[in-house]
Amino acid sequence: MAATPVGRAAGVALEWDNLGFEVKDKVIVSGISGRAVPGTLTLLMGPSGAGKTTLLNLLSRRTAATSGEILFNGKKPTYQLQRVQGFVEQEVAQFETLTVREILETTARLKLPEHVKGKALRDRIDEVISALDISKCEHTRVSGCSGGEKRRLAVAAELLGEPSLLFLDEPTTGLDSNAAMTIIRILRRLAREQNRTIICTIHQPRASILPLADQLVLLASGRQVYTGPTFTPGHSDGLLAYFEGIGFPCSKVENPADHIVDVINLRTDGDAAAGADGGGSAGSPKKETGPAAEAGVVASSSSSAKETADGAGDIELTSAAAAADADADADAEAAADAADADADADAEADGEAGAVEAPSDDASDSASESSLPCTTGWAKGSDAHRLAALPLEERAAEASELRLTKGRAAFVEWIADQFKQSDLRDSVTRRLAPDELPATPAALSADGSARPSRYSVGCCTQTCVVTRRVFLFKLREPEATATQAMNLIIMAAIIGWVYFDLPENFKGVSDRFGFIAVYLLFIAFAPIDLLTLFPLERSVFLRDTKANLYGTLAFFFGRSIAELPAHILLSAAGGTVAYWMAGFQADPEKFGIFILNVVLMMLTGASLLAFCSSLARTLAEANGIGTLILMLVMIFNGFFIAEENTPIFLRWISQISFLKFGLEVAMVNELSGLTIECSPHELALGCLTSGNDVLLARNLPTTTDSIWERFGWLALTAVLLRLLTFFALHFLYTGQSWATRARLMCEW
Ligand SMILES: Nc1ncnc2c1ncn2[C@@H]1O[C@H](COP(=O)(O)OP(=O)(O)OP(=O)(O)O)[C@@H](O)[C@H]1O
């Protein structure tokens with residue numbers, strides 16, 4: 001990918017035909033056809049559960065369709081597709097303590113080729129910051145950004161990769177009306193000015209948002225209920241004309257988006273309220289036969305020209321607050337429109353408009369372009385054809401009757417059939433002719449046989465960037481690291497104080513065992529915070545791996561490397577304090593072995609905790625799994641119960657318990673060569689005068705050779721646990737099949 005400035009993207013026209021997705025005989029979406037061309041914004045709308053996200057995932061090929069076909073510039077998508085598309089997920093998972101610019105820097109390093117660095121990299125970041133209008137918060141930590149700024153950051157991060165196709169899943173959900181409007185306006189500008197094909201799902205937008213889109217795809221219960229132009233403010237063209245044609249005119253007091261969703265949802269409460277207002281939507285026969293057509297209905301397509309000329313005005317919103325917003329938005333939109341119109345004019349002047357032209361932003365242009373054969377193009381003999389011939393009042397009454405008598409599922413079928421039979425469907429789903437297709441972008445033009453890497457940068461760079469991100473994150477949370485340090489040093493001092501300067505006598509030997517057990521158990525489980533690691537970071541990891549920013553290996557190494565320095569340094573420091581306070585043998589070699597043992601115990605404990613964390617989807621699960629495994633490892637460490645007294649079928653646990661290896665190393669290290677003072681009374685009770693005899697009595701070796709063997713087992717356990725963690729991370733809770741994950745592991 002060349003490091004060109006953010007500008008006009010190589011156009012990609014997306015066409016989809018008869019798309020369907022089924023899971024275990026459950027039809028999620030079916031028979032969806034349409035197209036989206038460069039320079040346009042397409043909204044996928046419908047009630048909750050209609051299948052919007054599913055369709056978005058099918059179009060972006062994150063989910064494989066079970067039927068139908070998708071074409072990119074008239075061709076079947078190739079492997080290189082990932083190079084030209086971006087996806088912004090509904091949940092914007094970010095490292096909250098990093099600033100907006102740091103997030104973009106990290107993403108840019110992973111998205112752009114390795115040779116783009118220094119000034120070129122900074123320039124690219126500046127461009128997306130300016131395009132998404134987030135310069136005000138570029139040095140603000142993500143945790144301090146508003147919801148709208150976070151969404152724009154997510155879009156900015158995707159734009160760094162210069163996607164020709166941009167998919168967004170509900171980018172306005174959870175935002176207030178102004179923030180939602182800003183996002184949609186920016187998306188439209190990005191489509192127009194940069195020739196991108198943008199498709200996003202939207203739940204139930206405010207009235208002024210819909211006209212900003214070039215195309216609306218309306219779904220209900222997985223069926224395609226409408227695809228075509230939206231409408232022009234103040235007119236009942238496009239979408240509104242279509243619904244009016246099948247008997248569901250939109251009243252003046254209704255938000256068209258609410259109206260349409262209410263129609264397909266069979267909602268009648270709102271209708272009743274509207275009726276009381278004298279509005280009258282298509283919901284109840286009372287309204288349609290009453291004053292609906294007289295007062296409530298937005299100018300019909302046949303009469304719209306006159307009424308608009310009379311100043312019938314913008315669509316009024318249902319709530320007073322929304323109505324109050326309308327003026328402010330109108331000004332803002334006018335400004336945005338003017339800017340967009342300029343941009344379009346520039347583009348045309350530059351002769352850059354592709355074979356498939358984006359619609360003009362000018363309101364009158366939109367109005368004429370939107371005048372598709374909505375009410376006149378019904379297939380002869382269809383219900384809709386018959387309805388369209390009726391006067392509006394009768395049409396509305398009949399449609400309302402249908403809605404009341406059919407029940408939801410049958411009504412959705414009926415309304416989907418109306419669309420199927422309309423000429424509008426044919427016009428919006430017609431396959432583009434070769435001369436209408438944009439030139440294929442370079443990334444798609446290769447024949448696909450020479451597969452480039454899935455990633456823009458190599459594994460080393462990925463690991464470095466991920467590691468740096470974790471370090472930055474940790475630096476921003478010094479309290480967490482300081483607490484960990486204090487914990488390890490202070491606890492070592494407390495344990496050392498309790499077991500202070502142990503004497504080399506009968507009781508001192510037994511207390512040495514106590515010190516070793518208490519301190520090593522503490523060290524092994526000190527990084528307990530790792531239990532929450534993957535449940536907390538999995539969303540960021542999955543988002544980044546799906547976007548091909550880095551692979552599991554880089555994330556795994558980055559995460560492991562970032563923890564290492566703190567674990568090694570702090571465990572060694574704590575071990576030093578505890579060792580000398582407890583008065584263990586003042587022998588440099590023995591001290592060195594003790595510290596090495598402490599460090600290995602901590603690293604192995606951390607590996608076990610990370611493994612438990614990788615098996616869990618939630619914090620509660622991590623807690624449950626961690627407690628179970630840690631308790632088993634602890635009970636079977638050979639210290640609390642002799643192996644021969646444990647149930648036979650559980651003995652294997654003590655064979656692999658890393659705690660057992662660590663405790664044995666510490667005991668052998670401290671007791672070998674130790675001379676024990678025994679009083680005559682203790683001698684009479686069988687006091688052993690040498691540490692070696694104590695070791696032999698406990699079936700432990702007396703030579704330091706055994707120590708290295710146990711160190712080897714400890715290291716092997718740590719490596720195996722890390723390997724298992726890698727596989728768990730790669731295969732569990734990814735939302736992809738095992739086969740897909742297995743394939744992804746081999747693709748670089
Ligand atoms: N893999 C799947 N297995 C089973 N059911 C699924 C699957 N994917 C989606 N569904 C179901 O299909 C329906 C449509 O889901 P989808 O998420 O696409 O809807 P949506 O329109 O985006 O809804 P929302 O607006 O609430 O996000 C839902 O009922 C959902 O539970």
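Into which domains is the chain divided?

1. The chain is split into domain 1 (7–230) and domain 2 (459–745), with bounds that come from an automatic or database domain assignment. A couple of ground rules: this is a predicted model, where local features need pLDDT of at least 70 and side-chain atom pairs count only at pLDDT 80 or more, while totals for chains, interfaces and linings use all residues. Residues are numbered from 1 along each chain as its sequence is written.

2. On to how the domains sit. Their centres, taken over C-alpha atoms, are 45 Å apart. Domain 1 and domain 2 each put 16 residues into the contact (C-beta atoms, placed from the backbone, within 7 Å). On the domain 1 side, helix 2 (residues 100–111) gives the most, with 6 residues. That side has 5 nonpolar, 4 polar and 7 charged residues.

3. The shell around it (C-beta, placed from the backbone, within 6 Å) includes Lys26, Lys52, Thr53 and His203. Strand 2 (26–36) and helix 1 (52–59) are the elements giving two or more residues, and helix 1 has the largest share, 3 residues. Helices here are DSSP runs of H or I, at least four residues, and strands are runs of E, at least two.

4. By class, the ligand shell holds 3 nonpolar, 7 polar and 2 charged residues; note that Gly counts as polar.

5. The unreviewed UniProt entry annotates "transmembrane region" at 482–500, 512–536, 591–612, 624–642 and 711–733, though such annotations may be inferred rather than shown by experiment. Residues 482–500 are 89% helix and 0% strand, with end C-alpha atoms 26 Å apart. For 711–733 the figures are 91% helix, 0% strand and 34 Å.

How values were computed
Contact = placed C-beta atoms within 7 Å.
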